[in-house]
Every structure is written in structure tokens, then in C-alpha cells.
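Hi,

Here is the model I promised to pass on.

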Amino acid sequence: MKRQQKMILSPKTWLAAAAGLTIAVSLTACAGPSALDVVGRQSITSFEEVMDTIPDRVKADEENVGWALTAPDDSARFIWSEDYSKAPLHDVMLELKAQPFLDAGLDPEKLPESYAFYEGDTLNGATEKLLMVGKKLGSDTPSYQGTATPLAAYEQIVDHYRDHINYHTSLDHFGVMLGDGNMFEWAKDMKTNGTDKSVQDKDIVFVLNPEPLIAAGVDPEKVEGWAYAQVTVELDGKMQEVWKFLKPFDLK
């Protein structure tokens, strides 16, 4: 069984700016009802605000039996299932344009089983080579009161798989943990970082564990459009420095 990483924030370099980034402190279900009420419930409100800000970027995904939130530049999608008994591969996942990684040396045949490599259509209708990585949460059929909306499908994660919802203290972000160090995060408040009162300019962030990609031939310094940044994590009670691929977007 793989060890759970608890992410602790530390300032690091972004794409072209000197802004800081850190990754989430994971508040799991074992933290008790107060964590569920505060973090879980507030994550629902903030996720709804993100979707309301970019409604044209939130679409039904019939192939994955759920919903998808697409990045403003069409380079990545966060996908979450509405029916775990019917989802073909994962229940929460990231789908990425593969070309930046191919250009940086990726050999798809060397990817681990957690990754899928295929051709598919993006939001703008173009056929692209894509990568998908994610996690299966369960095999149950969720019960909905009324229509299974994108927000209601996210609420199912909060209600039944709370240990996959995290809070990123320094950036004032909530997020979904997708397994093996991969994440999708969004701002609690898209205007102001509640921790340091700075302007919130990282409204959504796609986060990848670079290790499987590097092992498959990727030169991390040559992946166009993704930052390769070092962050501090707590692993088995010890602080360690690890690297992540990061793709942030300012929506407002």
C-alpha cells in the first residue's frame, strides 16, 4: 500500500513569476465532524463559485459517466463521476493534452498502468493525443435528490469519500486528491487569499506527480505550459522536498 502524503505549503517558483506555491495539508475524515463541516462543506460552496465563473467550461462527460471542468486554454480537464458503478476507468481524474510531454521525451509505452494514453476530442472539437490519470473511489451507485448535477456529483465525494478532499492552507485552496500525488485544486475565495490577504491569482490548479512521467522519458524542464516546482511535503511525520508539475489559472 502506498503511503499517504500530507502536503505542507512552502513558497516556490511558478511559470514566469516569482509567486509562491505550496501543496495541500490533507484534512481527512479521521479529523472528525468539525473538519467535515468546515472544510468539506465550504469546499462545496467554493467549487460552485468556480463552476459559476466559467459555466461554458463545465460540461457533461458521457464517456466517463460524469462531468468535466476544462482549463481556459483547453490543455487539461478535471473529471468527476456521477455514478461509480458505471464509470469505466476512474471516478476522479485529470485528462491532459499529451503533446507537451511527448515533445519533452515521453515514451507512452513506459507509463505505469495508472496512466492511459489515447486519442480523443477536446472541448474545441480538435482530435488530440491525451493522457489520463486518476483514482477509482468505489463501485456504489450514488443516490441523488433530484437531478445529478455537477455540484451534486461533487457533493457525493464530500459525503462518502471525505478523505479525498483537502485544504491547502497557504493558498487558501480546496482540492480533490486523485491518487499518487496528483490533485485538482481551486481557491476558497477567487478574489483574496484568506491566509495572507494577498490577491488570489491561482483560482484553479492542476497538479501532477512528475515521477512516473520522468521515468517514462520526460525531461521536466522541457514540458511547455507546465511549471516544474519543488514543494515541501510531510511523509510519515517527516518533512521532505518533492517536485510537482503545476498548471495554474486566474479566472477573474
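Below are my notes on salt bridges and aromatic pairs.

A quick word on the basis: this is a predicted model, with local features needing pLDDT of at least 70, side-chain atom pairs counted only at pLDDT 80 or more, and totals for chains, interfaces and linings using all residues. Residues are numbered from 1 along each chain as its sequence is written, and side-chain values use heavy atoms, with hydrogens and water left out.

Salt bridges first. The structure holds 11 of them, where a salt bridge is a side-chain nitrogen of Lys or Arg within 4 Å of a carboxyl oxygen of Asp or Glu. One of them joins Glu-49 to Lys-252, with the closest N and O atoms 3.4 Å apart. That pair links distant parts of the chain: Glu-49 is in helix H1 (residues 33–53), while Lys-252 is in the segment after strand S13 (238–249), 203 residues away. (Helices, H or I with at least four residues, and strands, E with at least two, are DSSP runs numbered from the N terminus.)

Then there's Lys-136 with Asp-91, at 3.1 Å between the closest N and O atoms. Here the partners sit in two loops, 45 residues apart: Lys-136 between strand S7 (127–135) and helix H3 (150–160), Asp-91 between strand S4 (76–81) and strand S5 (92–97). Asp-91 has 0% relative accessibility, so it counts as buried, whereas Lys-136 is partly exposed at 34%. (Buried means under 20% relative accessible area, exposed over 50%, partly exposed in between, with a 1.4 Å probe and protein chains only.)

Lys-202 and Asp-201 also meet in a salt bridge, 3.0 Å from N to O. In this one the Lys-202 side is buried at 6%, and Asp-201 is partly exposed at 35%. Have a look at Asp-61, Arg-77 and Glu-95 too, as salt bridges link them in a network.

Now the rings. I get 16 aromatic pairs, meaning rings of Phe, Tyr and Trp (its six-membered ring) with centres within 6.5 Å; planes under 30 degrees apart count as stacked, over 60 as edge-to-face and the rest as tilted. Phe-47 and Trp-80 are edge-to-face, because their planes are at 75°, with centres 5.2 Å apart. Phe-47 lies in helix H1 and Trp-80 in strand S4, so the pair ties together parts 33 residues apart in sequence. Both Phe-47 and Trp-80 are buried.

Tyr-228 and Phe-245 make a tilted pair, 5.4 Å centre to centre with 45° between the planes.

Finally, Phe-47, Phe-78, Trp-80, Tyr-154, Phe-184, Trp-186, Phe-206 and Phe-249 form one aromatic cluster.

Cheers
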